[in-house]
Amino acid sequence: MVLVTAVRDYINRMLQDISGMKVLILDSQTVSAVSVAYSQSELLQKEVFLVELVDSINKSKESMSHLKAIYFLRPTSENIQHLRRQLGNPRFAEYHLFFSNMLKDTQIHILADSDEQEVVQQVQELYADFVALEPYHFTLNISSNHLYMLPAVVDPSSLQHYCDRVVDGIAAVFLALKRRPVIRYQRTSDIAKRIAHETSKLMYQQESGLFDFRRTEISPLLIVLDRRDDPVTPLLNQWTYQAMVHELIGIQDNKVDLRNVGKLPKDQQEVVLSSEQDTFFKANMYENFGDIGMNIKRMVDEFQQVAKSNQNIQTVEDMAKFVENYPEYRKMHGNVSKHVTLVTEMSKLVEEQKLMMVSETEQELACNGGQGAAFEAVTNLLNNESVSDIDRLRLVMLYALRYEKDSPVQLMQLFNKLASRSAKYKPGLVQFLLKQAGVDKRTGDLYGNRDFLNIARNMARGLKGVENVYTQHQPLLFQTMESIIKGRLRDVDYPFVGNHFQQGRPQDVIIFIVGGTTYEESRSVALQNATNSGIRFILGGSVVLNSKRFLKDLEEAQRTAKSSTNIV
């Protein structure tokens, strides 16, 4: 069972046993979890005629006694207070309360005391406390994501809140999968260690009964990693479909906001990009940009054939056939125009921002040695008027991460040039990145030059040549998965928590990246799962990054660190 199916099963359980007209009341987090797994038309089929947010429903006093209310909320103290007020003055015929994670006893007492009019029919926990973007990729949409970069002394209560949210999300994933994992973490990361230990404490001590599924097969593995071990992946331009849409336009909960893209009809200003609901996207989400253009052309040609046959209506039978096929025809029309709009807009951005030229240098910096040539290439791009400020900043960051120890003098020259060329450049941001994610802070062999096997692999790849210069980079996660498959992930770098060790090779591995995942990494996971290695990988993170979000988190962390007097 995979994540999307698990969440859909939970939503079905909420909706199917309650007959009649219903209102579904969600919070800002559960609305994401529901919207990626269930479409609006599916909700209508289950007689859900209204979807509201719990904080806005407070403001209305109108009685709706013809409706049954289904609440699906995170068990936070704010939500319990909202419910307390709403149960004190009930507007609906019945209240069915579902929570996305474990309720505390005190919260259950508050709810029981508030239900004086006995309108609550049931209270249940359904563990969908995560956003299942795809079968093997989930996110937690944590808003203050920059906190993971800060030492614990800077803002202890916010950091505790952050860790609690991550632990809740990970716990819900394992409760949905009905498994209890063996836990490992990246040794060099304080926050990964803290989250791994708190998760273990929850699963093996505080709630050991809930997690005791009496399963006989080998325990799954949870491995907690830190985004800063691979700062390169979120800084790169992307050239495969899903990752590229997120990098250039932005995807939030499988939706793309196109309001800023030209004059589009109202129904196309926000489009859904979901492998569960769109067969063309499912087939092409991991394809290269060049191939996407060809595949869209084929789809347009097929659509034109269908449109042509629809114009040829001569008899009543033809008309009946057209009406019968019309919903399918409309869906096809919407799908064609959606993908044509996205690819047209991305082609325009690639051309305007000279991204092919920028990306070639980025890939060289990420994958190949040659410091002299790299310095020259970055300098030329910093001088190029067509290159945007954000691309200049990213190029200097990628150079700094690669050559921080080899060429301090040239690095200073690039810092100075960047400061003079880019008005928006925040002084010290590149240095802050090196402090956060420089070579001394990392565990993995990011550039494949520490480990003999990686050096040999890189040489072999260099000799064979690369079939596509823009997609030669592989995230560090790819190596981590290979090490797990071969049983070579070193205990000294990724220690186990407590005395729960792996007995044999796990069949399921959940990799959680504190600080966020990328669509390039979820592509690596999907391609790895397709090889049938006998291990199924699931990837999760605090957010889904593109370069803008990664830089925003970095700036936010730098600002907080500067303004804090406690910084060590």
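Predicted model: local features only at pLDDT ≥ 70, side-chain atom pairs only at ≥ 80, totals over all residues.
The mean pLDDT of this protein is 88, and 92% of its residues reach 70 or more; pLDDT is the predictor's confidence in each residue, from 0 to 100. Over residues 459–466 the pLDDT is below 50, and beyond near neighbours in sequence that stretch has four contacts in the model, a contact being heavy atoms within 4.5 Å. Residues are numbered from 1 along each chain as its sequence is written, and side-chain values use heavy atoms, with hydrogens and water left out.

Let's turn to the sheets. Helices (H or I, at least four residues) and strands (E, at least two) are DSSP runs, numbered from the N terminus, and two strands pair if DSSP finds at least two bridges between them.

E6 pairs with E7, residues 137–139, in the antiparallel sense over three bridges, and Ala 132 stands opposite Phe 138.

Keep Phe 138 in view, please. Which residues have the most contacts inside the largest nonpolar core? Phe 138 is one of them, along with Phe 130, Ile 195, Met 397, Tyr 399 and Val 430, in a core of 106 residues. By nonpolar core I mean buried Ala, Val, Leu, Ile, Met, Phe, Trp, Tyr and Cys residues joined through side-chain atoms within 4.5 Å; buried is under 20% relative accessible area, exposed over 50%, partly exposed in between, with a 1.4 Å probe and protein chains only. Helix H7, residues 156–177, gives the largest share of this core, 13 residues. A second, separate core of 36 residues includes Leu 264, Met 285, Leu 349 and Tyr 470.

Last, the cysteines. Is Cys 163 buried or exposed? Cys 163 counts as buried because its relative accessibility is 0%. Cys 367 is buried too, at 11%. The structure holds zero disulfides, a disulfide being a pair of cysteine sulfur atoms within 2.5 Å.
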